[in-house]
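Hi there,

Have a look at it first, then read on.

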Amino acid sequence: MATATTPEPAPDSSTPAPALLDVRDLYVEFRTRDGVAQAVNGVSYRVDAGETLAVLGESGSGKSVTAQAVMGILDSPPGFVTGGEVLFRGRDLLKAAPEERRRVRGARMAMIFQDALSSLNPVLSVGAQLGEMYEVHQGMKRKDARAKAVELMDRVKIPAARSRVGDYPHQFSGGMRQRIMIAMALALEPDLIIADEPTTALDVTVQAQVMDLLADLQREYAMGLILITHDLGVVADVADRIAVMYAGRIVETSPIHDLYKTPAHPYTRGLLDSIPRLDQKGQELYAIKGLPDVAPGRSSACHFWEETVRDEEPPHDR
Amino acid sequence: MTAEAILEVRDLVKHYPLTQGIVLKKQVGAVKAVDGVSFDLRKGETLGIVGESGCGKSTVARTLVGLERPTAGAIRYHGEDIARLSGRALKAVRRNIQMVFQDPYTSLNPRMTVGDIIGEPYDIHPEVAPKGDRRRRVQELLDVVGLNPEYVNRYPHQFSGGQRQRIGIARGLALRPEIIVADEPVSALDVSVQAQVVNLLERLQDEFDLSYVFIAHDLSVVRHISDRVAVMYLGRIVETGTEDEIYGHPTHPYTQALLSAVPVPDPDAREHRERILLAGDVPSPADPPSGCRFRTRCWKAQPVCAEVVPPLAVPEWFAGAAGPAHPSACHFAEERHVVPSE
């Protein structure tokens, strides 16, 4: 493995100013007929302006639910935030009135979803959907909003934006649709973008295009970016810091370079050993035992230990 | 490796007609999903087929197992062209070529028990297992794929994604086939579960002397499991070779772009990694570009690329060299390192 002389671009975590987003000890539970599932168990993380935090985890680890709670779009019921604080520029959003949250959402923080086709309205043209952001939040006239929509599509590098602004979502390819999602998130120039698996549904060459675009735009606007993903490769390419989630908890958080070199938590180590690598012809992959899920009624301090580590220490000689 | 080829695919073509009109149907064109694909599969090896969505890799898989009839071309299994067989002869061949599907949620019937799902192939090929013996066989298979044999009476929804994929694999193994065609078998799984299933597939290959055609879009998984790799683009193979030839010495621009786009889980690599970003999208297979199909997105494209279809052949400059000579369908094939090496 090559060692690089890399200046750490991330702002030091010891900066005293209030963080852009500071999530403290967040708890979310789902009250279902089968019982109460603790989806998020005391998650804390912070993101500063211009910083990329990657939240890494497998299905059911609670990474998306945390983001939904932060955005205030948790389906409730069955989901309930039962504890913690979500401080956005020092103000606790969980205590804010619904009207205030609505003003923050979209304008100050925006979200990009995984599946662009089902996140966009199929019966409205993309121009109308992009323009709606300006009409609703800024009271702009429809015609002006349409012009802004074209501008946005240009900015996310959709070719022939002027002639395609009247097209419907199904007329665009997957990569182009994801660009439209990004444009929509960018429309009001938010301070924070939460991207939930933004490239998971895309082919690798398109994924590279979209991640590149996202990184460029983030730099340009000095936004904070929370990148939620299960892909250790994508994370390595763009993130400044990384938080690894397992069973509703953050098991490890560290600057990006440290995490890959010296993973501290056995789960992180197991995860790194379980992926096949493009740059090496591997031997047998390390298989993490058990399943990452939060069934109702679990209560150990460390779910991961309960499932695997007490049986066997993962082999590691990195 | 010089083992005999058990499956020879020659100039395989699959076109889906596009029609117009309701009563008087008129063919107005064709989606050229697969357009002249040739490869060999040898005994005991794993052939990986990679490519992005719409490149035709799944159509190839479906024609191999006989789910689709090829428009033209030959698929020879031990020298016999299965594309021309029908009836009893076809059924006999199909027993030896089985498939594992991508989505473990939709490829298992939710109203059948696991025992019925895995045992169903025996209804079609009763000669493999006599009636009274089936339950024992099914339980053996469950054990082989790492599931508790007592689960025979459970239903698919009682299993996790990884366990369901094991059930799909057990069904594929039931008839003791020689070849397993696996179409994106681990794409729907979490990484830790994916590792379990990949390891299982490798173990079964040794145990039952299987040959795999492993189809995936994840280049890292394909490198891990494959002996030889074929890269597809818009219905054609653009480059093929051993795992080391493709990943260590790619010569086709598309292969290079594809490999360079794969994120590598190593943050130190990001500063000094060369990235080839392709412009635009894949053209429609109903109306592919003339000549070389990749030319519309290729940075090396010259007028000749629009006129002459580049053959899938070993480039001349490789001739005589002891190096990693392998076929590449490009007029301007040239080696370029895009995968960081250890």
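Over residues 7-259 of chain B, the chain is 35% helix and 28% strand, with the end C-alpha atoms 28 Å apart. Helices here are DSSP runs of H or I with at least four residues, and strands are runs of E with at least two, both numbered from the N terminus. That stretch is the one UniProt lists, in an unreviewed entry, as "domain: ABC transporter"; UniProt positions are given in the numbering used here, feature names are shortened, and annotations may be inferred rather than shown by experiment.

Before you go further, please note that this is a predicted model: local features need pLDDT of at least 70, side-chain atom pairs count only at pLDDT 80 or more, and totals for chains, interfaces and linings use all residues. Residues are numbered from 1 along each chain as its sequence is written, while chains are lettered from A and ligands numbered from 1 in the order in which they are written.

**The two chains**

Chain B has ten helices and ten strands, and chain A has twelve helices and ten strands. Along its principal axes, the C-alpha trace of chain B spans about 65 × 60 × 40 Å. A compact globule of 342 residues would have a radius of gyration near 20 Å, and the 21 Å of chain B agrees with that. The radius is taken over C-alpha atoms, and the globule rule is 2.2 Å times the number of residues to the power 0.38.

Of the 342 residues of chain B, 47% count as buried; for the 318 residues of chain A the figure is 46%. A residue is buried if 20 or more other C-beta atoms lie within 10 Å of its own, exposed if 12 or fewer do, and partly exposed in between, with C-beta atoms placed from the backbone.

Contacts mean C-beta atoms, placed from the backbone, within 7 Å. Among contacts in chain B between residues at least 6 apart in sequence, 65% join residues at least 24 apart. In chain A, residues 24 or more positions apart account for 67% of the contacts with a separation of 6 or more.

**Where the chains meet**

On the chain B side, 39 residues are in contact with 45 residues of chain A. Helices H6 (191-208), H7 (219-225) and H9 (253-261) of chain B are the elements that give two or more residues to that side, and H6(B) gives the most, with six. By class, the side of chain B that touches chain A has 18 nonpolar, ten polar and eleven charged residues. Here Ala, Val, Leu, Ile, Met, Phe, Trp, Tyr, Cys and Pro count as nonpolar, Asp, Glu, Lys and Arg as charged, and the others, Gly among them, as polar.

B:Pro253 lies in helix H9 of chain B and counts as buried, because it has 26 C-beta neighbours inside 10 Å. Leaving aside neighbours within four places in sequence, B:Pro253 is in contact with B:Phe294, B:Cys298, B:Trp299, B:Lys300 and B:Cys330.

**Inside the fold**

Helix H7 of chain A (residues 174-186) has 13 residues and reaches 18 Å from its first C-alpha to its last, close to the 18 Å expected at 1.5 Å a residue; the expected span is 1.5 Å times one less than the number of residues. Twelve of the 13 residues of H7(A) are buried, so the helix is largely enclosed by the rest of the structure. Its cover includes helices H4 (126-138), H5 (142-155) and H8 (204-221) of chain A.

The largest nonpolar core has 177 residues, and A:Ala183, B:Val181, B:Val213 and B:Val231 touch the most other members. H7(A) gives the most to this core, with eight residues. A nonpolar core is a set of buried Ala, Val, Leu, Ile, Met, Phe, Trp, Tyr and Cys residues joined through C-beta atoms within 7 Å.

Most residues other than glycine have a negative phi. A:Asp25, in strand E1 (residues 21-32) of chain A, has a positive phi of about 50°, and counts as exposed with 11 C-beta neighbours inside 10 Å. A:Glu189 also has a positive phi of about 50°. A:Glu189 lies in the loop between H7 and E7 of chain A and is exposed, with 10 C-beta neighbours inside 10 Å.

Happy browsing!

Notes
Two residues are in contact if their C-beta atoms, placed from the backbone, lie within 7 Å.
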